[in-house]
Amino acid sequence: MENTITTSSDHAAQSNAAKPGPPLWLLAELTYRCPLHCVFCFNPVNFANVEKELDTENWLRVLKEARALGSVQCGFSGGEPLLRDDLETLVSEAHKLGYYTNLLTSGVGLTETRAKALKDAGLDHIQLSFQDSTKELNDFLSHTKTFDLKHKVAKIIADHEFPMVLNCVIHRLNIDYIDKIIEMAIELGAECLELANTQFYSWAKVNQEHLLPTREQLVSAEAITNRYREKYADKIRIIFVVPDYYETRPKKCMNGWGNVFLTINPEGKALPCHTASMLPGLDFPSVKDHSINDIWYESEGFNRFRGDAWMKEPCRSCPEKENDLGGCRCQAYMIAGDPAAADPVCDKSPDHHKIQAYVEKAQQPQDKQMTESPLVFRDPKSSRKLDEEGIVF
Amino acid sequence: MSSDTNTTFSTSDIAAVAKPYRLQYEEAQESWVLLYPEGMVKLNGPAGEILKRCDGEKTIDAVIRELEKDFEQKGLEKDVMGFLDIALEKRWINLTTPSS
Ligand code: SF4
Ligand code: SF4
């Protein structure tokens, strides 16, 4: 699932000398398996290389060790986490340990029986995502099948009194239907709707030219969202996340590297964010070989970009560096070719012109592009093919 | 110090932490926190002391008296009502008026 995770703690960015705070947020990516094929999927492009998933015993130990360090929010995601049949066991343990437990799901597989079992296990919250759930994009846009499924699942969620957050990834191909998406969310009784514009990593990066909206689309979608926000202020909270290519300052990625977020991927690799495995020259430890304490406080991978000592110009001497800590390391690597560079979203970055070029290109009609290089759907076959071609995103 | 006349509720009401928030003490942060879907609010000392007493049974008046006793202080009503007013606005708590 797409994670748009927010932690409104007053946890300040760590200075270099101070011991980092605890990994408040634990994201357990239980599997890369998924019945869906989203063109913006954030799982690594080479996900199909992971053959052996971390077993139940190891996950239980991870939950315990992270909780002992101070983790308090726990997200179960994937792939589709419901494909793990030990999900209830893991949720139950997380609940007993005192975590606030979140399930990030497409809803596929959330039956009445499983919803009840998860409730009994102590699950606190379900984030349901709208996805392009079939290979026919039209199906999503006309949202017949999607709507039926979400309707059924939303009812199950409501019947079991889970708070419901709906997440919909927004992009060039569905942004013009944003009013319909909002209306659907209201009708389904969601308390919160996250309209998360695609950020360009992993599969979304492969499909970037199909997915980056025009400026006009974006402005109009935001205006529509604001209208609904006002009209339904008591009913639903709507969060609208702008694609950062349209910004001139980067996001403070993951609220700071190794600052609050700890992701464990399906094979047990510990990462500061779910895309960090693409970064070259960084050795991220596996929970199979190391304790969470050693991983979080001692490992090279987690310490590498903590604080600001690693920065180069223009970030090093930038008066704004505390605001964004130089942005996203993966974006710096993907676009500027150096994980320690400024995030090229920043207009002070010498590579900012590349972002501008993407944005300019997006203003043109893309019909030709559609036929020249078709959308790549996320599935194991494409994954292996892209991996052979050496695409790393 | 008398009670704040701007508040829309009275000390005879009963406050409780509202769904989907969950209040708990976090050793690692040495503070009370409110947890909610995918988020957390770290409470300062007084806020934590007030909220943990809002158990859905005691009246606000009883909460104030308990705080005054436990912290050996007087005149906390204004501070408590002020905080609860903010908490209500943020939907951290809900209030009920006891019948009778
Ligand atoms: S394919 Fe879609 S539903 Fe499956 S993990 Fe990727 S984004 Fe989530
Ligand atoms: S130069 Fe670096 S630190 Fe300054 S605003 Fe840009 S990305 Fe942030």
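Two strands are said to pair if DSSP finds at least two bridges between them. In this predicted model, strand S2 and strand S3 (residues 31-36) of chain B meet that condition, pairing in the antiparallel sense over five bridges.

- Three strands of chain B make up an open sheet, arranged in the order S2-S3-S4 with antiparallel pairing.
- The edges are held by strand S2 (22-26) and strand S4 (39-42) of chain B; each has a single partner strand, so one side of each lacks a neighbour in the sheet.
- On average, neighbouring strands of this sheet are turned by 30° against each other, direction ignored.

**Helix H14 of chain A**

- Helix H14 of chain A covers residues 352-362, and its buried residues are A:His352, A:Ile355, A:Val359 and A:Ala362.
- These residues lie on the same side of H14(A), because the arc that they cover around the axis is only 80°.
- In general, an α-helix has 3.6 residues a turn, so residues three or four places apart point the same way.

**Aromatic rings**

- Over all chains, a search of the whole structure finds 14 aromatic pairs.
- One of the pairs joins A:Trp296 and A:Phe302; the ring centres are 5.5 Å apart and the planes stand at 50°, so this pair is tilted.
- A:Trp296 counts as buried because its relative accessibility is 0%, and A:Phe302 is likewise buried, with a relative accessible area of 0%.
- In chain B, B:Phe83 and B:Trp92 also form a tilted pair, with 6.4 Å from centre to centre and 45° between the planes.
- Both B:Phe83 and B:Trp92 are buried.
- In chain A, ring pairs link A:Trp257, A:Phe284, A:Trp296, A:Phe302, A:Phe305 and A:Trp310 into a cluster.

**Cysteines**

- The count of disulfides over all chains is zero, where a disulfide is taken as a pair of cysteine sulfur atoms within 2.5 Å.
- A:Cys315 has a relative accessibility of 9% and therefore counts as buried, since the cut-off for buried is under 20%.
- A:Cys318 counts as buried as well, at 14% relative accessibility.

Technical notes: Residues are numbered from 1 along each chain as its sequence is written. Chains are lettered from A and ligands numbered from 1 in the order in which they are written. This is a predicted model: local features need pLDDT of at least 70, side-chain atom pairs count only at pLDDT 80 or more; totals for chains, interfaces and linings use all residues. Side-chain values use heavy atoms; hydrogens and water are left out. Helices (H or I, at least four residues) and strands (E, at least two) are DSSP runs, numbered from the N terminus. Axes are lines fitted to C-alpha atoms, for helices over the stretch in contact, and angles run from 0 to 180 degrees between N-to-C directions. Buried means under 20% relative accessible area, exposed over 50%, partly exposed in between (1.4 Å probe, protein chains only). The arc is that of the directions from the helix axis to the C-beta atoms. Rings of Phe, Tyr and Trp (its six-membered ring) pair if their centres lie within 6.5 Å; planes under 30 degrees apart count as stacked, over 60 as edge-to-face and the rest as tilted.
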